[in-house]
Each structure stands twice: as structure tokens, then as C-alpha cells.
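Hi,

Here is the structure I said I would pass on.

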Amino acid sequence: MRSSDGVVQGNRRRDIQGLRAIAVIMVVAFHAGLPVPGGFVGVDVFFVISGFVITAMLHREWEKTGRIRFGTFYLKRFKRLAPALALMVGVTLMISTVIFSLFGHQTYAAATGIGALLMSANFVIAKTTGGYFGPTAENNPLLNTWSLSVEEQFYLVFPALIALGWYLAKRRGLLRFSPALIVGGVAIASFALTMAGVNDARFPLSDWILGFYSPFTRAWEFAVGALLALALAKTAASESMQTNNRGKTNLSTLAAMAGIVMLAASLWLISETTVFPGPWTLLPVAGTVLLLLAGTHRNVASQVLGTNPMVKVGDWSYSIYLWH
């Protein structure tokens, strides 16, 4: 069922698929050597989208059934992600065996491939390959799997946290704020760790916890998307839909324009010399949040993101990211 603005189809927001297309184009352009030094932040756009989409999906299930079917959730994630990932890893390792065997880089690729299949490529890469922008990273054909493992780690932990929040919220009183408090707590703790990394803090296991590939310094990006989904769910429950409201249309247009400017600025204001993740990560994260928020009401930007070509690229974004 399509809404009057052509952006929503059932529970599927077409503009979000278009935003996924933008994210993967950013990453591919960066790795293609195009003059977009901050293109790697497309991964951060994906993280925010994932937090938003997963939370909205879980919320719909909770509202409908009063529970979260974890087995069904994990099975769907496995069917969607694992086969394509396994195929890509297998083909890449076969090709890299021929290409890299003479240069000694095959061990990095093999270890990363195993890590990717075990949802731990980010930790394997941190140990074997090192920095994302270092010379060794350029020789690891499975470097991109680090972010996939971070997402899978998020999928593994987050549903239980949000379900706990909704369970506690049933008890009413102050506990009704439990979902937002839990997700907000994760966001604050994660961002605090990010800033600790920026300030070169040192403590046991700090190299693992504060590094570029760490899920602990990326969790706040998922959490921000999740908080937006919770806020929109609360708003939708308290007011009727007014898709033709001019004031909301104007506000959503302004939000979309600001989001586009932020994402575009990220491409050139952020580079491999930027401490990342860090304060500058707020730029693509905030831009993504504004575009997700803007898409709840009619505006030109969201309509463009919801066009068939953008949606098609968004639908293919996982495969494009795997093979790029």
C-alpha cells in the first residue's frame, strides 16, 4: 500500500532504501579513489539506519503481539545476510590465494574470512591488519567485512535490550521510560568511550574497546537511530497522520536539506587524518537522523530518495558493499 507522497509502501519506507543507496555510493566512491576523502562515513550512515529500522520493526512486533520472537528475528537475519556473505568470502579467498600467495598477505585474508563468518571480522582485522588507512589494510581484500561484523554484533545484543525495556515499561510508573533510558544509556556510554579514544585513554583492553573497529565506540550510532524510532513511535501513537499539513511539510523539507548538506560536507570535511570515530562522526550521524526524520512527511528530498532507481540501488546495497 502506497501513501499519498509515494514514499511509504506498507511498512517499508522507500526513502530509507534511497538513503542506503547514498551510503553505499559514498563508500564505493571512496574506495574507488574518487575525490571524496570522507566517503568511508557511508558505513556510519548504515549504522544509524540499522538502529532505526531494527527498532521500528521490533516495535511493530511488540505492539502487535506483546513479545519479541527472537528465534524468528535471528533466523531472518541469518537468511538475509549469511548466504551472500559466505559466497563472497569463499570466492574472494579462492582468488586471493592465487594473487596474494606470493606476497604473504593470504594469511590476513584467510583469518578475516573466518572472522567474518563468525561475526568477529572487526576484531580479527584489528589484530592482524591494523589501522583502516594503513598499508596493510590495502592488501586485505576482506577489509570491508569489519562493519558487517559490527552490525551482526549489534543484532545479537540489541533486541534483548530493547525487549527488556518494553517488558519493564509494562509495569508503568517511571519504568514506562525504560526503553528510551536503556537505549539512551547505551548511547551515552558508547559516546563516552568514543571520546576516551579521542583523548588516547589507556586502561586494560583499551586497544580493543576504543579502536576504529570496535563495536563499543560505534554502538551510539545504532542507538541514535533507535532513539529516533522510539520517539517517532511515541509521536505516532499520540497524534493522527496529517500528510498534507503545510507546516510539517516545510519543517521536513528544512530537515532534509540540512541532512543532505551534512552528508555532503562529511565527504570533504572528514578524511583519513580525522580522528575517527570522534566528534566529527556527529556530522554524518546527525545528517542521517535528519533525513530519516524528514522522511516521515512529504518533502522533495525524500521523494527523490524514494524514486525507483534509488530504491533499486538501496535494495542492492548489501550486495554492492560485499563485492565492491
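Below is what turned up, starting with the salt bridges.

A quick word on the basis: this is a predicted model, where local features need pLDDT of at least 70, side-chain atom pairs count only at pLDDT 80 or more, and totals for chains, interfaces and linings use all residues. Residues are numbered from 1 along each chain as its sequence is written, and side-chain values use heavy atoms, leaving out hydrogens and water.

The whole structure has six salt bridges (a side-chain nitrogen of Lys or Arg within 4 Å of a carboxyl oxygen of Asp or Glu). One of them joins Asp44 to Arg218 at 2.6 Å, N to O. Asp44 sits in helix H2 (residues 42–65) and Arg218 in the loop between H9 and H10, so this pair ties together parts 174 residues apart in sequence. (Helices are DSSP runs of H or I, at least four residues, numbered from the N terminus.) Asp44 is buried, at 1% relative accessible area, and Arg218 is buried at 1% too; buried means under 20%, exposed over 50%, partly exposed in between, with a 1.4 Å probe and protein chains only. Asp44, Arg218 and Glu221 are linked in a network of salt bridges.

Another bridge pairs Arg202 with Asp200 (3.0 Å, N to O). Here Arg202 is exposed at 57%, while Asp200 is partly exposed at 49%.

Also worth a look is Ser214, in the loop between helix H9 (206–209) and helix H10 (219–238). Ser214 is buried, with a relative accessible area of 1%, and a polar atom of its side chain lies 3.0 Å from the backbone nitrogen of Phe216.

Cheers

Technical notes:
Helix = DSSP H or I, 4+ residues; strand = E, 2+ residues; numbered from the N terminus. Polar contact = N/O pair within 3.5 Å; in protein donor to acceptor, adjacent residues only side chain to side chain.
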